[in-house]
Amino acid sequence: MEQETIKAPASTQRRRIPSIDYIRGVALIYMVFFHLTFDLAFVIPTEWGRAAYYANEKIVIFDTSSFILLAGISCAFSRSNLKRGGRLLAIALVFTIVTAFFFPGEAIYFGILHLMSTGMILFGAFDDYLKRVPAAVMIPVCAIIFTLTYRISRGYVGIKGLFELYLPQELLTNNLLYPFGFIKGGFRSVDYVPLLPWLFLFLGGAYIGGLIVKYREKLPSFCFADPLPWLGFIGRHTLIVYILHQPIILGVLYAADYLMNMGK
């Protein structure tokens, strides 16, 4: 039996697909939870908060990956990635300034917003050229480069345990090239998502998004279902939630901590 599909006219090809918003919404909810564990581990320390943070420290990498992949996919639905990227880069720079003031030893120098904004700008600038390369070629190439450069911030490229090619020490003597993943020991940032390898996950997502747009009318019907509008709403407004969630969480935690210690 053929799977049910919903056809969409060409004029609606760039409209949102609810299932993408749902995935983004779930990823955002988890990220908010992880940041809460960070606050309870290091800002207003608690034993259970520290335990929760370390229990999720390795899992959150999958959440970060999904955000970056979805950001790339969304490029295919945007009318102006240059404008979106420019606005997001401005917000990312504000994050750098604010975190440098509050966390001078671990400021966000090149976090997920810096990465996504740079990806949007590059994709917007070179879109015409990128479209000339088939997705069937670029998606595997991006996957291979992402895999080989995944541990570049640790000083080598390759696959751990299979083959490892260590970088020239000249690249690791300072942090001038930190946006690309070349850092020396002691570099710290509360959020560090360098261009290598993450730009290639973003770019792979952009090509996947192009395929989604191209074959939109062949997508199964569940991709267009919207049974949980509140989750889709969160997925459509991830940037606002991302900007506001930490000030709100910290405000609540500081207020609770103050009230609990009033009589002590």
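Which backbone atom does the side chain of histidine 114 reach, and at what distance?

Modeller: Happy to. This is a predicted model, in which local features need pLDDT of at least 70 and side-chain atom pairs count only at pLDDT 80 or more, while totals for chains, interfaces and linings use all residues. Residues are numbered from 1 along each chain as its sequence is written, and side-chain values use heavy atoms, with hydrogens and water left out.

The atom you ask about is the backbone nitrogen of glycine 111, 3.1 Å from the side chain of histidine 114. That is a polar contact (a pair of N or O atoms within 3.5 Å; within protein, one must be able to donate a hydrogen and the other to accept it, and residues adjacent in sequence count only if both atoms are side-chain atoms). Histidine 114 belongs to helix α5, residues 112-130; helices are DSSP runs of H or I, at least four residues, numbered from the N terminus.

With 4% relative accessibility, histidine 114 counts as buried, the cut-off being under 20% relative accessible area with a 1.4 Å probe, protein chains only. Setting aside neighbours within four places in sequence, histidine 114 is in contact (heavy atoms within 4.5 Å) with Ala92, Leu93, Thr96, Ile108 and Tyr109.

A search of the whole structure finds one cavity of 30 Å³ or more, and about 30 Å³ of space lies in the largest cavity. Here a cavity is a set of points, on a 1 Å grid over the protein atoms alone, where a 1.4 Å probe fits but cannot get out; lining residues have an atom within 4 Å of a point. Grid points are joined across faces, edges and corners, and the volume is the space filled by probe spheres set on them. His114 lines the largest cavity, along with Ala92, Phe95, Ile108, Gly111, Ile112, Leu113, Asp191 and Tyr242. Two or more lining residues come from each of α4 and α5, and α5 gives the largest share, three residues.

Helix α5 has another partner: it is among the elements that the buried residues of α3 pack against, as are α4 (81-102) and α7 (195-214). In α3, 12 of the 16 residues are buried, so that helix is largely enclosed by the rest of the structure. Phe67, Ile68 and Leu70 are among those buried residues.

Note on methods. Buried means under 20% relative accessible area, exposed over 50%, partly exposed in between (1.4 Å probe, protein chains only). On a 1 Å grid over the protein atoms alone, a cavity is a set of points where a 1.4 Å probe fits but cannot get out, and a pocket is an open set with protein on both sides within 12 Å along at least five of seven lines; lining residues have an atom within 4 Å of a point.
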